[in-house]
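This briefing is meant for a reader who is meeting the structure for the first time. Please keep the sequence and the model in view while reading, and take the topics in the order in which they come.

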Amino acid sequence: MRLQEFIQQTCQLSSRRARQKIAQGHVSVDGDCVRNGNYLVDPAWHRIQLGGQDLPSHLGHQNYLFYKPVGLVSARRDDRYPTIFDTLPAELQGLNLSIVGRLDRDAQGLILLTNNGQLHYLLENPRFQMAKTYRVRVNGPLDDQDVAAFAEGIIWSDGYICQPAQLLIEEVGRQASQARLTIYEGKRHQIKKMFLARGVKVTRLERLAIGPLSLDRQPLQEGHYRELTAGEISDLKALFKQVQR
């Protein structure tokens, strides 16, 4: 949320008065004086002070990493298939969580569930080009020419040129290969279409990371969820600060 909004709600100030307090240098975030009312904060993560006094963090947000299994729909409800939310306990379903990083029903891997609108915006808005990393299996061989093509930007049949992506080949076979792919945009069915442009079909797709949030740091079993670690929260705080420079 915006710093001015937090000051207004927490201190019960008018918009004008909250803006003045911030502009006059009375507000600090994690020890740094902030004079911009539009500065993004999460009260659960940041230490926010007014006149040297800590402000309560009751307006904090809830954030969970979830490993989506194949077969679940990335939605709150669906008429045909079970959804992510169908598998969550009642206490999480009542938190008004939204999905960051939707995956197709036949894909699996990391998803973020959050009721932090600013974090959702930061991780999904195309202008921030947030990295997302996947492990991909395809039904044919991959080689250095594919690596170069992904690095230059895959061209789809309709002429669209994808942003440069990083392809790291892990296994190669005539009938099946595996690679790790990092992309910086999120078009519909993008990864499947990128590999089709190279003459192979995706047979398994697993997301490993969204920005600084990664399964490599602390694995999750399929269908399980957990709260963010202190290290992950620290990384997201740094990300908030980085995009506001």
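Predicted model: local features only at pLDDT ≥ 70, side-chain atom pairs only at ≥ 80, totals over all residues.

In strand E12, Ser 214 is the residue that Ala 209 stands opposite.

**Strand E11 and its partners**

- Strand E11 (residues 202-210) and strand E12 (residues 213-214) pair in the antiparallel sense, and two bridges hold the pairing.
- The two strands E11 and E12 form a hairpin in which two residues lie between them, and Gly 211, in the turn, has a positive phi of about 55°.
- E11 is mostly covered, since seven of its nine residues are buried, a class that takes in residues under 20% relative accessible area.
- With strand E7 (residues 108-114), E11 pairs in the parallel sense over two bridges, and Gly 109 has Arg 207 as its bridge partner in E11.
- With strand E8, the pairing of E11 is antiparallel and runs over seven bridges.
- Within E11, Arg 207 is the bridge partner of Tyr 134, while Leu 205 is the bridge partner of Val 136.

**Strand E8 and its other neighbour**

- Strand E8 (residues 132-138) is largely enclosed by the rest of the structure, because five of its seven residues are buried.
- Seven bridges also join E8 to strand E10 (residues 177-183), and these two strands run antiparallel.
- Val 136, which has Leu 205 as its bridge partner in E11, stands opposite Ala 179 in E10.

- Gly 199 and Asn 139 are 60 residues apart in sequence, and their C-alpha atoms are 9.4 Å apart in space.

**Helices H4 and H7**

- The axes of helix H4 (residues 117-124) and helix H7 (residues 230-243) come within 11 Å of each other and cross at roughly 70°, which means that H4 is roughly perpendicular to H7.
- On the H4 side the contact is made by Gln 118, Leu 119, Leu 122 and Leu 123, which meet Leu 236, Leu 239, Phe 240 and Val 243 in H7.
- Sorted by class, the residues of the contact of H4 with H7 are seven nonpolar and one polar, with no charged residues.

**Helices H1 and H2**

- Helix H1 (residues 3-11) and helix H2 (residues 15-23) have axes that come within 9 Å and cross at roughly 120°, and H1 is therefore oblique to H2.
- The crossing of these two helices, H1 and H2, is right-handed.
- Leu 3, Gln 4, Ile 7 and Gln 8 are the H1 residues of the contact, and they meet Ser 15, Ala 18, Arg 19 and Ile 22 in H2.
- The residues of the contact of H1 with H2 comprise four nonpolar, three polar and one charged.

**The four-stranded sheet**

- Four strands form an open sheet in the order E2-E1-E3-E4, and their pairing is antiparallel.
- Strand E2 (32-33) and strand E4 (53-54) stand at the edges with a single partner strand each, so one side of each is left without a neighbour in the sheet.
- Strand E1 (residues 27-29) pairs with E2 in the antiparallel sense over two bridges, and Cys 33 in E2 is the bridge partner of Ser 28.
- Helix H1 packs on this sheet, where it touches E1 and strand E3 (48-50), and the direction of H1 makes about 60° with that of E3.

**Two loop residues with positive phi**

- Most residues other than glycine have a negative phi.
- Gln 12 has a positive phi of about 55° although it is not a glycine; this residue lies in the loop between H1 and H2, and its relative accessibility of 74% is why it counts as exposed.
- Asn 96, also not a glycine, has a positive phi of about 55° and lies in the loop between helix H3 (90-93) and strand E6 (98-100).
- The relative accessibility of Asn 96 is 63%, so this residue counts as exposed.

Definitions and conventions
Residues numbered from 1 in each chain as written. Heavy atoms only, no water. Axes fitted to C-alpha atoms, helices over the stretch in contact; angles between N-to-C directions. Parallel < 35°, antiparallel > 145°, perpendicular 65-115°, else oblique. Left-handed = near helix turned anticlockwise from the far one by under 90°. Contact = heavy atoms within 4.5 Å. Nonpolar A, V, L, I, M, F, W, Y, C, P; charged D, E, K, R; others polar. Pairing = 2+ DSSP bridges. Buried < 20%, exposed > 50% of the residue type's maximum accessible area, 1.4 Å probe, protein only.
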